[in-house]
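Thank you all for making time this morning.

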Number of protein chains: 2
Amino acid sequence: MATIKDVAKLAGVSPATVSRVLSSTVVVSPKTKTRIEKAIAELDFRPNAHARALVSKSTHTIGVVISQLADPFFAQMASSIEDVAKKRKFQVLVSTGSLDAQKELTAIKSLQAQRCEAMVVNSKALADDVLIDLAQRIPGFVLINKFIPQISQRCVWFDNVAGGKVMADYMASLGHANIVVLSTKERVYDATHRLNGIRQSLSQHNINLPDQHIAYGSPDYAGGREAIEHLIEQGITFTAVLCYNDAMATGVISALTDLGRRIPDDVSIVGFDDVLLAKYCMPKLTTVKYPIDIMARKATELALSLIAKDRPLNQSDKDYQYKPFLVKRESAAKC
Amino acid sequence: MATIKDVAKLAGVSPATVSRVLSSTVVVSPKTKTRIEKAIAELDFRPNAHARALVSKSTHTIGVVISQLADPFFAQMASSIEDVAKKRKFQVLVSTGSLDAQKELTAIKSLQAQRCEAMVVNSKALADDVLIDLAQRIPGFVLINKFIPQISQRCVWFDNVAGGKVMADYMASLGHANIVVLSTKERVYDATHRLNGIRQSLSQHNINLPDQHIAYGSPDYAGGREAIEHLIEQGITFTAVLCYNDAMATGVISALTDLGRRIPDDVSIVGFDDVLLAKYCMPKLTTVKYPIDIMARKATELALSLIAKDRPLNQSDKDYQYKPFLVKRESAAKC
DNA sequence: ATTTCATCGTCAATGCTTTTCCCTGTGCCT
DNA sequence: AGGCACAGGGAAAAGCATTGACGATGAAAT
């Protein structure tokens, strides 16, 4: 690929002048300018981003860490981030952490090596003190899925406990008393939070939730099937199922339909996240909204404003907490 | 962020020695090695990828161009690419083109500026001659969704015409004669190819497909709903619906169910792509498999082997064409 | 005591662009 | 005509890591 020197030679000027045309900070005579532009086009020249980064000490790059690209929830998140970044002329660098602390750290380190200026991180596995340390080291570091008091200004987060409550409150309001919960066996804190919220709500409503009524599966369709089948095998009866996420809920719908149970007539089901899936499946899923698109946008803007000298942090925003709300569709009904 | 000089100073050695430790090409005594490693850890030093890229003339980066990250189909694609790339220690740089020729070109140019060595491109809008030009300019350039004779060795592609045939053949074999087709109004060539395949098949089976039986919508749930509703408003009757993709098919399922029609008893529906959605929805979608994960893997390996001097291209592979096949589930039945 | 490695420092060059400083030439004013 | 201002553009340094050649140092071996 051609360099700026090649362009300069072809246009009969010095590299400095070519650079001036590229950045258009200084006035260059129209004649030479068009001559240079013609040379650029002819050689198909693109300024080397690495050389630029080196000298300007800025890369205009935002790094994103998510668990997996293929998951619709994270895909949506990455997409929203890219959208905001693009408007600010930032490149997006995506790295996946796959629920593993070591891999998450590797992903972050790799983004650091690329000298990302901003970073939006969804960390499922890293310990809080590691994250605090990273936040203090990296100016544009923002967490998108958890709240850590010491770095509260860098946390855009979702109230999972309230989410659990919303699910359980709704089921209670519909008159359900035989409730089972499908959580995930992945050791992620949000599952615990949601479960805590469910427990709080149910005890307020004087509804019993024995441990045998909680099953654990992988956070996807298959995991939902297996978990609900496991409960049925155990001889447990229920009229309502609270799921860790929408994908598991679709697994439950499928398994129960196969067994001839009607939804929501025989069994009510509530999902979590409100990914596209929830609208598409049959019956349409009643679920808890996790406004990941808005949150991702906010997190990106926060990260970018953290590194912008001219645009200072809006100090009135002490907190970037987002609350869940129920999206009523067709999978839950009165008992 | 600390530089290699800072590390050298702290460890009491020269920058060259630090570099030797980092690349581990030359023997360094264990004592100094640990001293340097300690300094690296203490300063949290990460070699500047840009400086490295500049001197080594290699970035170990693969660029990906897709229409939208949020689409499950593309998310799956990006995920598979990342998987293969990671194993080869390649960074992935994702850029979106949003079905727009200008934006696709901008995305590619931006990846070029980053000096991506390999590139996997899903181009929906760029003209063939532009793509040919790019392929000749960029050594590791691979197209993943279309076949262009002049650069056949760089094309990993899917036979959309055959895909259209598969759908129509199946419906014909089930005895359907009143068939409608839902295509996309986006001007993408694959929609045309699928439609051509459908037409070929139906004329072979002596089934008529008048133009009024073809509706066009956006390639998603809402588009599917609108398109089928439009046909019904026109007073067109049918027993089978052939959809451009799975998302549209779910829209059709939803719309028809709302109207009290049973699937597949009253109407048979076939989707396209076999994204996760197809398994999750109710009834489960009969659809045409587009093996995007395998294709993405292949495309990535192809791109990487194109730029690897040691691993020459397997010349026996003249062609990287992938064929569709039918995945029979529950949304289609005998007429 | 001398040779011989192993180990590491020094120096320079390389890669590409940006930016500061400085020089040239032209046109204008008095 | 002389002087000045200013536009336009060149030269060179800086930014960071790698690599090769070559030299220096020290310790171990003969």
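Predicted model: local features only at pLDDT ≥ 70, side-chain atom pairs only at ≥ 80, totals over all residues.

Residues are numbered from 1 along each chain as its sequence is written, chains are lettered from A and ligands numbered from 1 in the order in which they are written, and side-chain values use heavy atoms, with hydrogens and water left out.

In chain A, the domain assignment gives domain 1 (4-47), domain 2 (58-158 + 292-322) and domain 3 (160-290), and such bounds come from an automatic or database domain assignment. The C-alpha centres of domain 2 and domain 3 of chain A lie 30 Å apart. Nine residues from domain 2 and twelve residues from domain 3 of chain A take part in the contact, where contact means heavy atoms within 4.5 Å.

How much area do domain 2 and domain 3 of chain A bury between them? The figure is about 1000 Å², 60% of it on carbon and sulfur atoms, buried area being the accessible area (1.4 Å probe) that two parts lose on being put together, summed over both. On the domain 2 side, A:Phe73, A:Lys124 and A:Phe158 lose the most area to domain 3 of chain A, together 61% of what that side buries.

A:Lys124 also forms a salt bridge with A:Asp190, with the closest N and O atoms 2.9 Å apart; the rule here asks for a side-chain nitrogen of Lys or Arg within 4 Å of a carboxyl oxygen of Asp or Glu. Across the interface of domain 2 and domain 3 of chain A, that rule finds one salt bridge.

Let me now move to the DNA. DNA strand D is surrounded by 23 residues, the closest being A:Ser14, A:Thr17, A:Arg20, B:Ile4 and B:Arg52, where a residue is near a strand if one of its heavy atoms lies within 4 Å of it. Of the atoms of DNA strand D that come within 4 Å of the protein, sugar and phosphate account for 64%.
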